[in-house]
Amino acid sequence: MTSTAAQLLDRIVTRRARVGVVGLGYVGLPLALELARGGLHVTGIDHDTRKVAHLQRGESYIPDVSGAEVAALTEAGRLTARTSFDAVAMLDTVNICVPTPLRKTRDPDLSYVVSAVEAIAERLHPGMLVILESTTYPGTTEEVVQPLLERGNLKAGVDFFLAFSPERIDPGNTTFKTRNVPKVVGGTTRQCAELACALYSTAIDTVVPVSSPRVAEMVKLLENTFRAVNIGLVNEIALMCERLGIDVWEVVDAARTKPFGFMPFYPGPGLGGHCIPIDPFYLSWKAKQTGFEPRFIELAGHVNASMPHAVVDKIADALNTHRKPLNGSKVLIAGVTYKRDIDDIRESPALDVMGMLHQKGARLSYADPFVPRLPALACAGGLDLESVSLDPATLASVDAVAILTDHTTFDYDAIVEAAPLVVDTRNAVKRPHPHVFRLGAPQPACADLRPAVVATTHRAA
Ligand SMILES: NC(=O)c1ccc[n+]([C@@H]2O[C@H](COP(=O)([O-])OP(=O)(O)OC[C@H]3O[C@@H](n4cnc5c(N)ncnc54)[C@H](O)[C@@H]3O)[C@@H](O)[C@H]2O)c1
């Protein structure tokens, strides 16, 4: 190990290292907290003045992150937040946790990464360790980040250290948090990997070194593509089960009793969040650069993207049994976040369902304890709505309730009791019920599909 590397290692191990986290969102804030808890002094940097102001007041803005802990760490001077990158000049390490969305063309949008790296490059100094955590295609660290950092004539692996380590956080998961999810680390050199592993070892129980940044980048994309493809498979099986008159939820629950060779995935209204709907397309974009056609990713994307349409059809079918058209019917959406018990609506399929229902003339309302107000989003029909309460009078006043996110605080018995029709896309209402239409299950037996009696007048010829 070179003396520069040895000095940094010593600063990390003795907790004298000054560490930074750029991007204080769902990934960056929990990481900053773990590093601070591990005994390091952490500086968080984010463009968002609102987030920085919250942290400076010792407050959390992420449900999974305890406000009391943020307060204690800021009070103790172990966690500080800034909007300026100037602090980078004083830091020994910096982890980059900024967004990596897709462009409208489904190409990777690395503009946030590039902007953050350029700001770091201006303040890069010898002996510094830079780690990219944002999910991205294999090659990003060495092909995009490294050249930007080397513009100032410092060389990666020699003058400064560079690694990639994918973030695997699962918002809302109360069992697995940043600390107890193993951290995969790939350095541009062995020394880079050792230093990055040492940094993570201060805060994370298990660190898994791999041979290069591109392997670490690919690990994350394998994990998320695995999920996207399996969710696509079970969504297709769900639609198949509806046609076959079989309950897919019963099938998956029975299949999961097999102790090997099967892992349960559940159908739903479509993919959401900042990862599963996006990350596989980073991989597919990169693969296509080499002339490789990734068929599973495209097929799963196709099936998953069709699910909001299937849900709208299901709501229309349910209303049809009450002889009502979508146009003019009142539909209450229960749950708009992309998954249960979190406040994140990014890419949420509920928004797509709402957009389509609005376009077809349905009169929409929604209830979500995590989203008190839904701003006017084009994808959700451009409506500016406030969450309503799921009291019996409200439930009885609509034509149908569609459960799109199965928050644990919803009272599903009360919903079934009071709502005239329920469309359940999450199997939240566990048992069959005459007016509950479940995704992936046969239509309720007593759904009345007899033609309506129409009064006709017969005139004598
Ligand atoms: N949210 C998840 O569940 C999850 C899980 C694993 C991996 N990831 C990946 O982690 C990365 C971050 O995701 P996230 O959910 O934390 O995003 P986020 O939007 O919650 O947070 C990103 C933060 O970065 C800030 N930011 C953007 N550009 C910046 C810049 N140039 N300088 C300073 N701050 C900047 C934003 O203001 C924001 O606060 C993404 O690549 C994502 O794919 C997310």
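Predicted model: local features only at pLDDT ≥ 70, side-chain atom pairs only at ≥ 80, totals over all residues.

Residues are numbered from 1 along each chain as its sequence is written, and side-chain values use heavy atoms, with hydrogens and water left out.

**Whole chain**
- The protein chain has 14 helices and 15 strands, taken as DSSP runs (helices H or I, at least four residues; strands E, at least two) and numbered from the N terminus.
- Of the 461 residues, 52% are buried (under 20% relative accessible area; exposed is over 50% and partly exposed in between, with a 1.4 Å probe and protein chains only).
- The C-alpha atoms fill a box of roughly 105 × 50 × 45 Å along the principal axes.

**Aromatic pairs**
- There are five aromatic pairs, counting rings of Phe, Tyr and Trp (its six-membered ring) with centres within 6.5 Å; planes under 30 degrees apart are stacked, over 60 edge-to-face and the rest tilted.
- Y137 and W285 have ring centres 4.9 Å apart and planes at 45 degrees, so the pair is tilted.
- This pair links distant parts of the chain, 148 residues apart: Y137 is in the loop between β5 (129-132) and α6 (140-149), and W285 is in helix α10 (residues 279-289).
- Y137 is buried at 7% relative accessible area, whereas W285 is partly exposed at 24%.
- The rings of W249 and Y266 are stacked, because their planes are at 10 degrees, with centres 6.2 Å apart.
- Ring pairs also join Y137, Y282 and W285 into a cluster.
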